[in-house]
Amino acid sequence: MEIQYQFNKQDEIYSANRLKYQHRFSKLLFRFAFSIILVIVVFVVAIVMMAVQDRPLWQIFLMAGILVFILAFLIFKYSLIKKAYTFLNQPLNYQNDEIIKIKVSDTDIVESDEHQNMAVYPIETITEIFIDERYIDIISENMPPLIIPLRVFKDELELENFLQLIQNKKNIPITKIND
């Protein structure tokens, strides 16, 4: 199923709220920064104790090498999480009157614009769907919500078919919110 709509000013205001789940990534960044510091402290203490106990030089260098390897791995993971956090702070930025396409396949939902920018929402990661008076919010793990205006559906039946298509792939709770 493929749907298409024109992004407008009202959508822009609503989309500004799509980052309400970004605090999860900030906590994750803090945990990795803490683990990097912890690894440094533990290894430095171990290296100093080995030097004080007159261990052979090769053991001290081996310990230092292991420290560098673990730090490189943790810093690499930290940078990946930081990039994901930055992505959440800058989702697809649509301009007014831009054409947006949403395509539902067997495995994912793809949101794209006329400049070929895409955001892929794997159906397996979708945790919940909220429907209010004007929008559908599709909540996915570690992604900003996918927001679809209800005006893209011709009638209630087309909306139900869209939701049923997603529900057939994964049983996702749907919550209707009345403002």
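Reader: What share of the 179 residues of the protein chain counts as buried?

Author: The share is 36%, where buried means under 20% relative accessible area, exposed over 50%, and partly exposed in between (1.4 Å probe, protein chains only). Please keep in mind that this is a predicted model, in which local features need pLDDT of at least 70, side-chain atom pairs count only at pLDDT 80 or more, and totals for chains, interfaces and linings use all residues. Residues are numbered from 1 along each chain as its sequence is written, and side-chain values use heavy atoms, leaving out hydrogens and water.

Reader: Why is Arg134 called partly exposed?

Author: Its relative accessible area is 48%, which lies between the 20% and 50% limits, so partly exposed is the term that applies.

Reader: Where does Arg134 lie?

Author: Arg134 sits in the loop between β5 (126-131) and β6 (135-140); strands here are DSSP runs of E, at least two residues, and helices are runs of H or I, at least four, numbered from the N terminus.

Reader: What makes β7 (146-149) and β8 (174-176) edge strands?

Author: They belong to an open sheet of 4 strands in the order β7-β6-β5-β8, with mixed pairing. Each of the two pairs on one side only, and two strands pair if DSSP finds at least two bridges between them.

Reader: How do you know that β5 and β8 pair?

Author: With 3 bridges joining them, they meet the requirement of at least two, so they count as paired. The two strands run parallel, and Ile131 stands opposite Lys176 in β8.
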